[in-house]
Amino acid sequence: MQESNDDYILHMKNIDMFFPGVKALKDVTFNLKKGEIHSLMGENGAGKSTLVKVLTGVYLKTNGTIEYDGKIIEPKTPLESQLMGISTVYQEVNLCANLTVAENIYIGREPRGKFGQIDWMTMNRKAKELLHNEMGIDIDVTKVLSFYPVALQQMIAIARAVDTQCKILILDEPTSSLSEKETEHLFSIMRKLKNQGISIIFISHFLEQIYTICDRITILRDGEYVGEYVVKDLPRIQLISKMMGKEIKEDEIEANVDKSVPEQETIMEFDNVTVPGKVKDMTFNIKKGEVIGLGGLLGSGRTEIAETMFGILLRTNGTIKVDGTEFSIKGPMDMMMHRVAFCTEDRKAQGIIGDLSVRENIILALQAKAGMFKHMPRSKQNELADHYIDLLRIKVSDREQLIRNLSGGNQQKVIIGRWLATEPNLLILDEPTRGIDVGTKSEIEALAVRLAKEKRMSVVFISGEMGEMVRTCSRVLIIRDHEKLTELNGDEISTAHIMQAIAGDYHGHA
């Protein structure tokens, strides 16, 4: 059956977006049908966020046309696009944490009484009904937003968008902080909205989720349009090939992990280490030149173990030895002096310094280690920055570019470069590939393996994606409820075994 133009809510044609010295989008096309869930995909830096910002009035496009609901539009502000019926829910929830749930839903649209005052009773009742009817959520809407977890805050942001009568809902990495159950709940809401005729643009790096929830995919690469595909007609390996711009075979995605037994020399030992409520009676060691994984579900205690390794959390019981020596750990600086490095899970809040350049971000940890009175010469800073930009293939215009203007994957590479500059013996990577594209993921996985193999560095690799653990680690500790259940070695490491071990059903290794 021939599709008519009436089937579509949005046509973005020949979109160009130029920044000084950078061509962010070049001749990009994007078409969205009424009542469909459409994935916008591409590696970090491909132009996905830029295209969304053009559509929502954050950026004014350089060239091209946007036809929305049969009319040519030129949104100049996010508010203007919102009033047209285009709403966005970002990965970092853009609501007011200090206001109540009801205030967040109706901010700027509060129901008013006869004399213009806010009708609090009506607002609270309407907010409660909206969340119950649209989201299947029953909560106290008079509590401040920060009282609730991120997953609920995202649902509240979606409820607000739906209540503003949006016709297009843009969800930018909405599941990156959600558990499997929370993601399923979000998907059921997305299907309900789709059935109501709302069109959804879904941006995610989880391939499994794209194939579960989306109808069609548009792929961008290097700011250019690659193509538009029906999800069920596009095999995953082809999707990855189109995103990366090269044909790859299944086995090429796998990092060449060394499953052989690592050296016997021990870098770090935990013996019955306890941090109340965070780490429970933890005993394990890390060998020189191995990639050791911490496997487990969200909230299992993996990050807390990493933070204890780096001195952010301080033990109350047990012993920690580094290079065979026990010492008093007062904080992260003690661990840095013992050549331990930590790439945090939350790169936005705890990793990058957005107002500093790539160069300044890379030399930060090394400068801190040297002390504020031992200023590093500018030539040395430049040399280090250029070395790690080259080594990690960081896409920048130059070393002085502000880090906040880089894509998420390139920001992550800068943070890894920062810690590699300290020449660590032990590098802890907490969810290093979260929120970044498939190509950069593969590079970071392969880098972890290479550092262990060639530099004899020990790497702790934490990931919620089991395939990454299988591709990257020669040993995996299974963590549940803040304690170690078991460990898998070498050929024992498989997705099935990790899942069985987390469930407590794997008996292949004591």
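This is a predicted model: local features need pLDDT of at least 70, side-chain atom pairs count only at pLDDT 80 or more; totals for chains, interfaces and linings use all residues.
Which residues of strand S6 (residues 86-89) are buried on one side, and which on the other?

**View 1. Strand S6 is covered on both faces.** On one side sit Ile86 and Thr88, and on the other Ser87 and Val89; all of these residues are buried. In a regular strand, side chains alternate between the two faces of the sheet. Look next at the partner strand: S6 runs parallel to strand S7 (residues 168-172), and four bridges join the two. A handy place to start when tracing this pairing is isoleucine 86, which stands opposite isoleucine 168 in S7.

**View 2. Aspartate 16 is a buried acidic residue without a salt bridge.** You will find aspartate 16 in strand S1 (residues 8-19). The nearest side chain of opposite charge belongs to lysine 23, and it is 7.4 Å away. A salt bridge would need a side-chain nitrogen of Lys or Arg within 4 Å of a carboxyl oxygen.

**View 3. Tyrosine 211 sits in helix H7 (residues 207-213).** Is tyrosine 211 buried or exposed? With a relative accessible area of 19%, tyrosine 211 counts as buried, because the cut-off for buried is under 20%. Leaving aside neighbours within four places in sequence, its contacts are Val231, Leu234, Pro235, Arg236 and Leu239.

**View 4. Helix H18 (residues 495-503) has buried residues at Ile498, Ala501 and Ile502.** These three lie on the same side of H18, because they cover an arc of only 100° around the axis. What covers the buried residues of H18? The cover includes helix H17 (466-472), strand S19 (475-480) and strand S20 (483-489).

**View 5. The two ends of H18 show serine 494 at the start and glycine 504 following the helix.** At the start, a side-chain oxygen of serine 494 comes to within 3.1 Å of the backbone nitrogen of histidine 497. After the helix comes glycine 504, which has a positive phi, near 85°.

Definitions and conventions:
Residues are numbered from 1 along each chain as its sequence is written. Side-chain values use heavy atoms; hydrogens and water are left out. Buried means under 20% relative accessible area, exposed over 50%, partly exposed in between (1.4 Å probe, protein chains only). Contact means heavy atoms within 4.5 Å. The arc is that of the directions from the helix axis to the C-beta atoms. A polar contact is a pair of N or O atoms within 3.5 Å; within protein, one must be able to donate a hydrogen and the other to accept it, and residues adjacent in sequence count only if both atoms are side-chain atoms. Two strands pair if DSSP finds at least two bridges between them. Lys and Arg count as positive and Asp and Glu as negative; His and the chain ends are not counted.
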